[in-house]
Amino acid sequence: MMILKQHTGWIEVICGSMFSGKTEELIRRLRRAAIARQKVEIFKPKIDNRYSDTEIVSHDAQKVKSRTVQRAEEILEYALEAQVVGIDEAQFFGDSLVPICQKLANMGKRVIIAGLDQDYRGRPFEPIPQLLAIAEFITKTHAICVICGNPANHTYRTSTDKGTVVVGAADKYEARCRNCFVPPQEDDNQDEDIT
Ligand SMILES: [Zn+2]
């Protein structure tokens, strides 16, 4: 990590497939900031009710206290005093997250965003691609393909649920590499979200 001038904000994006350690990496960075007595605020979207309502929990059960918000706009309200702002599962906030992250960084805050960069079809998952474009620092995390053991860049949905947003973990998804990932056959071209 480069050392930047004081009072300059910036955006970091941690992205990759499910089971690639995005949340662990987010928690690691936020903990380091907290140890340095920086004021940290952590947010996650309401949609993600896995495991805990008040904490960010990665799949290996590390946790930190977080605030669950419905809309990206609420992050701005609660993050005013923070020096470091963490946002987990950012793909669920929608496009309004982009100007909010810009605003927070322009206010001099360090903004650390973790999220899925592709959906279960292997398509870019907005707003992460836009956030990658405006971020100062990007970390792409990889899982390990459950089929062959290669680095996995894709999230394969093992359940038959339809829609881009279907919340689940190992019960519904697995990490797959480029060779082993097969985009799902859609019998209809439906794009509506199940939330
Ligand atoms: Zn594979």
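Quick definition before we start: two residues are in contact if their C-beta atoms, placed from the backbone, lie within 7 Å. Keep in mind that this is a predicted model.

Helix 3 comes up now. It spans residues 97-106. Which of its residues are buried? They are L97, V98, I100, C101, L104 and A105. Look down the axis of helix 3: these buried residues fall within an arc of 165°, so they line one face of the helix.

What does that face pack against? On the strand side, the buried residues of helix 3 meet strand 1 (10-16), strand 6 (84-87) and strand 7 (110-116). They also pack against two helices, helix 2 (73-78) and helix 4 (128-134). Just after helix 3 sits G108, with a positive phi of about 100°.

Now the backbone. Most residues other than glycine have a negative phi, and most peptide bonds are trans. Here are some exceptions.

Start with F19. Its phi is positive, about 65°, and it is not a glycine. You will find F19 in the loop between strand 1 and helix 1 (22-35). Is F19 buried or exposed? F19 counts as buried, because it has 20 C-beta neighbours inside 10 Å, and the cut-off is 20 or more.

Next, E89. This residue is not a glycine either, yet its phi is positive, about 50°. E89 belongs to the loop between strand 6 and helix 3. E89 has 21 other C-beta atoms within 10 Å, so it is buried.

Last, a cis bond. The peptide bond from E126 to P127 is cis, and its omega is near 10°. P127 lies in the loop between strand 7 and helix 4.

Technical notes:
Residues numbered from 1 in each chain as written. Predicted model: local features only at pLDDT ≥ 70, side-chain atom pairs only at ≥ 80, totals over all residues. Buried ≥ 20, exposed ≤ 12 C-beta atoms within 10 Å, placed from the backbone. Helix = DSSP H or I, 4+ residues; strand = E, 2+ residues; numbered from the N terminus. Arc of directions from axis to C-beta.
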